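Please examine the sequence and the structure shown below.

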Amino acid sequence: MSFGEREAASGLITTLIVTLLFLWRISGQYADGAFDGPDALQTWARSVLVLVAWSIGIAIAVFIAVAILHGILTGETDDDRKDERDRDIDRRSLTWAWYLLSFGILGVIIDLALGASAFRAVNLILALCGLSEAFRDAAKLVLYRRGA
Amino acid sequence: VPRIENRIRRLRFDAGEMTQKDLADRVGVTRQTIIAIEGAKYSPTLELAFRIARAFDVPLDQVFTFHDE
């Protein structure tokens, strides 16, 4: 497993953990009525900022854990080089994720035009960011395994 | 379907069983990329293809062949 492949696997695990944590936190706040007042978006934004701080820590921890596990299981020394194949796979997966995000945001704009609330829109945009990130990492893993 | 085939495995054998890691280090890529090229799962850039040919001291068409059928 190359450095780029491990990076994609770590990213996928991180996105999954952060998404679950965010759903747990936001659904808890929603149940407590934290988003009922006029400052709902500010409360939501503060929760997202906390999530961003969590995600950085989680990403570092997961990356180190995957690297250690990989070393134990394969006995390979760490090669953290990225070459032209890694860059090609990065470029392709980023393009696909960008299409997903772009069309998703267009969908959110249409949803807003049809009367959806701003609170729903920002949640959908955040979900799209997470989804496109997960899609990018999953696409990378497929390209590494199937061939680019 | 266009297809690029290669003789890297054979050339490594002829070069005294050069390892994939040795070849990777010589041409400046990871071992996984050499594995992918050998297995026809990745088509290298022209620059890398020339570097691989130079590593074996042979012309490019003795390493890679292109089939357009």
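The questions and answers below concern a predicted model.

Q: What secondary structure does chain A contain, and which pattern does chain A follow along the sequence?
A: In this predicted model, the secondary structure of chain A comprises 4 helices and 0 strands. Read along the sequence, chain A has the pattern α-α-α-α.

Q: Among contacts in chain A between residues at least 6 apart in sequence, what percentage join residues at least 24 apart?
A: The C-alpha trace of chain A spans about 55 × 30 × 20 Å along its principal axes. Of the 148 residues of chain A, 36% count as buried. Among contacts between residues at least 6 apart in sequence, the share joining residues at least 24 apart is 81%.

Q: How far apart are the mean positions of the positive and negative charges of chain A?
A: Chain A exposes about 8700 Å², of which carbon and sulfur atoms supply 70%. Chain A carries 14 positive and 17 negative charges.

Q: What span should helix α1 of chain A have at 1.5 Å a residue, and what is the distance between its end C-alpha atoms?
A: Helix α1 of chain A covers residues 3-31, which is 29 residues. The expected span is 1.5 Å times one less than the number of residues, so helix α1 should span 42 Å. The end C-alpha atoms agree with this, being 42 Å apart.

Q: Which residue with a positive phi comes just after α4 of chain A?
A: Helix α4 of chain A, residues 118-146, reaches 41 Å from its first C-alpha to its last, close to the 42 Å expected at 1.5 Å a residue. Helix α1 of chain A is followed by A:G33, with a positive phi near 80°. Just after α4 of chain A, a positive phi of about 115° is taken by A:G147.

Q: Which helices of chain A are included in what covers the buried residues of α4 of chain A?
A: The buried residues of α4 of chain A include A:L128, A:L141, A:L143 and A:Y144. Charged residues also belong to this buried set, among them A:R136, A:D137 and A:K140. The cover over the buried residues of α4 includes, from chain A, α1 and α3 (84-113).

Q: Is B:E17 buried, partly exposed or exposed?
A: B:E17 is not a glycine, yet its phi is positive at about 55°. This residue is found in the loop between α1 (8-14) and α2 (20-27) of chain B. Because its relative accessible area is 40%, B:E17 is partly exposed.

Q: What is the relative accessibility of B:A40?
A: B:A40 lies in the loop between α3 (31-38) and α4 (46-56) of chain B. Its phi is near 55°, a positive value in a residue other than glycine. B:A40 counts as partly exposed because its relative accessibility is 33%.

Definitions and conventions. Residues numbered from 1 in each chain as written. Chains lettered and ligands numbered in written order. Predicted model: local features only at pLDDT ≥ 70, side-chain atom pairs only at ≥ 80, totals over all residues. Heavy atoms only, no water. Helix = DSSP H or I, 4+ residues; strand = E, 2+ residues; numbered from the N terminus. Buried < 20%, exposed > 50% of the residue type's maximum accessible area, 1.4 Å probe, protein only. Contact = heavy atoms within 4.5 Å. Areas by Shrake-Rupley, 256 points an atom, 1.4 Å probe, with all protein chains shown as cover. Charge placed at Lys NZ, Arg CZ, Asp CG, Glu CD.
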